[in-house]
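Visitor: I am new to this structure. Could you please take me through it?
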Amino acid sequence: MPDNRGVNEALRRAGYKCLPDWWVTEAEFDVIWRMAHNHEEHINEIRAFYRNRDDATPSVPDGQSD
């Protein structure tokens with residue numbers, strides 16, 4: 001697994017929340033999965049930015065400072 005390098009904090013600043021382990025029905029899970037995957041491209045962009053950045057990189061993909 002790659003080093004986190006601030007990915008979780010960047011995702012939080014971008015407005016995402018990590019879901020803890022929950023018990024849900026299959027139908028509920030399907031809805032949650034579809035909703036979460038609507039943001040997959042943006043989340044992957046943030047992950048890639050933070051995993052590939054030089055520690056001196058001053059900003060995040062949306063132009064906001066760290």
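Visitor: Where is Phe29 placed?
Guide: Phe29 sits in helix α2; helices (H or I, at least four residues) and strands (E, at least two) are DSSP runs, numbered from the N terminus. This is a predicted model, in which local features need pLDDT of at least 70, side-chain atom pairs count only at pLDDT 80 or more, and totals for chains, interfaces and linings use all residues. Residues are numbered from 1 along each chain as its sequence is written, and side-chain values use heavy atoms, with hydrogens and water left out.

Visitor: Is Phe29 buried, partly exposed or exposed?
Guide: Phe29 is partly exposed, because its relative accessible area is 45%. Buried means under 20% relative accessible area, exposed over 50%, and partly exposed in between (1.4 Å probe, protein chains only).

Visitor: How much of the chain is buried?
Guide: Of the 66 residues in the chain, 14% are buried.

Visitor: How many helices and strands does the chain have?
Guide: There are 3 helices and 0 strands, and the pattern along the sequence reads α-α-α.

Visitor: Which helix gives the most to the lining of the largest pocket?
Guide: That is α2, with 6 residues. A pocket is an open set of points on a 1 Å grid where a 1.4 Å probe fits, with protein on both sides within 12 Å along at least five of seven lines; lining residues have an atom within 4 Å of a point.

Visitor: Which residues lie nearest its centre?
Guide: Lys17, Cys18, Leu19, Ala36 and Ile43 do, among the 26 residues that line the largest pocket.
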